[in-house]
Amino acid sequence: MVKLALKYLNLGPVGGRGGVQRFFMLAHGIKFEETLFTPSEEWGAEKKRLIETGENPCGSVPVTYITGDGDQDSKTLSQHIATCRYLARVNKFDTGDIYKDFVQDLVADEYQSFRALWVDKTFTSDEKQKEEYRKKLLLEELKKFDALYKKYKTSDVYLSTSPAGVPLWGDSAMFGIVYDNIKTGHITEEALAAYPNIEALYKAYSAIPTVAAWIAEKSG
């Protein structure tokens with residue numbers, strides 16, 4: 001029997017990069033265990049261990065451990081988008097259509113700079129940079145992604161879906177970054193009305209029962 005274990009930072013109600021993968025696995029009903037580290041000395045020691053042991057030469061998380069019955073079934077996966085894509089394909093959750101998988105990759109690739117921008121502006125001590133992000137940079141990102149969804153989505157709400165109608169890695173990335181912007185106070189859910197395609201994605205994804213249950217637990 002194959003088991004999955006996710007190693008990431010304990011960010012409370014905020015998702016981060018590991019949150020994108022968590023939302024993806026929750027949405028698809030993939031069972032997994034979690035080991036979470038506080039982003040302090042505890043994480044510093046683990047980061048050093050990951051590099052020194054070669055477990056993840058990048059020294060980054062999330063890291064996903066797949067344990068199977070034999071050595072060939074056991075794998076260590078890093079990079080959250082690549083891991084989501086791998087899990088989709090190994091579990092036959094991908095669309096089976098080259099173009100529909102492409103639109104997931106397109107948004108997931110473009111999302112990476114949005115994620116880096118959020119990290120930079122959220123955790124800076126410069127209040128002017130935070131204000132510029134809230135009032136200008138974030139709105140520019142949302143406008144861009146709203147246009148991308150309008151152009152490339154292949155269903156009513158999502159870029160594309162699994163055969164069961166569940167959103168995939170690009171949609172998960174976009175949901176995760178919007179969720180984190182709301183949780184860190186950069187924007188309200190009501191303000192998403194200015195970006196109808198993103199608002200529709202956010203509402204639909206957050207209504208997936210397993211995702212909604214996790215959000216409710218963290219918000220309680």
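Buried means under 20% relative accessible area, exposed means over 50%, and partly exposed lies in between, with a 1.4 Å probe and protein chains only. This is a predicted model, in which local features need pLDDT of at least 70 and side-chain atom pairs count only at pLDDT 80 or more, while totals for chains, interfaces and linings use all residues. Residues are numbered from 1 along each chain as its sequence is written, and side-chain values use heavy atoms, with hydrogens and water left out.

**Aromatic pairs**

A search of the whole structure finds 11 aromatic pairs, where rings of Phe, Tyr and Trp (its six-membered ring) pair if their centres lie within 6.5 Å, and planes under 30 degrees apart count as stacked, over 60 as edge-to-face and the rest as tilted. Two of these pairs are set out below.

| Pair | Centres | Planes | Class |
|---|---|---|---|
| Tyr 99 and Phe 102 | 5.7 Å apart | 35° | tilted |
| Phe 114 and Phe 145 | 5.6 Å apart | 25° | stacked |

Tyr 99 and Phe 102 both lie in helix H4 (residues 98–122), 3 residues apart, which is about one turn of the helix; helices here are DSSP runs (H or I, at least four residues), numbered from the N terminus. Tyr 99 is partly exposed at 41% relative accessibility, and Phe 102 is likewise partly exposed, with a relative accessible area of 37%. The pair of Phe 114 in helix H4 and Phe 145 in helix H5 (residues 127–152) links distant parts of the chain, 31 residues apart. Phe 114 is buried, at 0% relative accessible area, and Phe 145 is buried, also at 0%.

Phe 23, Phe 175, Tyr 179, Tyr 202, Tyr 205 and Trp 214 form one aromatic cluster.

Key: Helix = DSSP H or I, 4+ residues; strand = E, 2+ residues; numbered from the N terminus.
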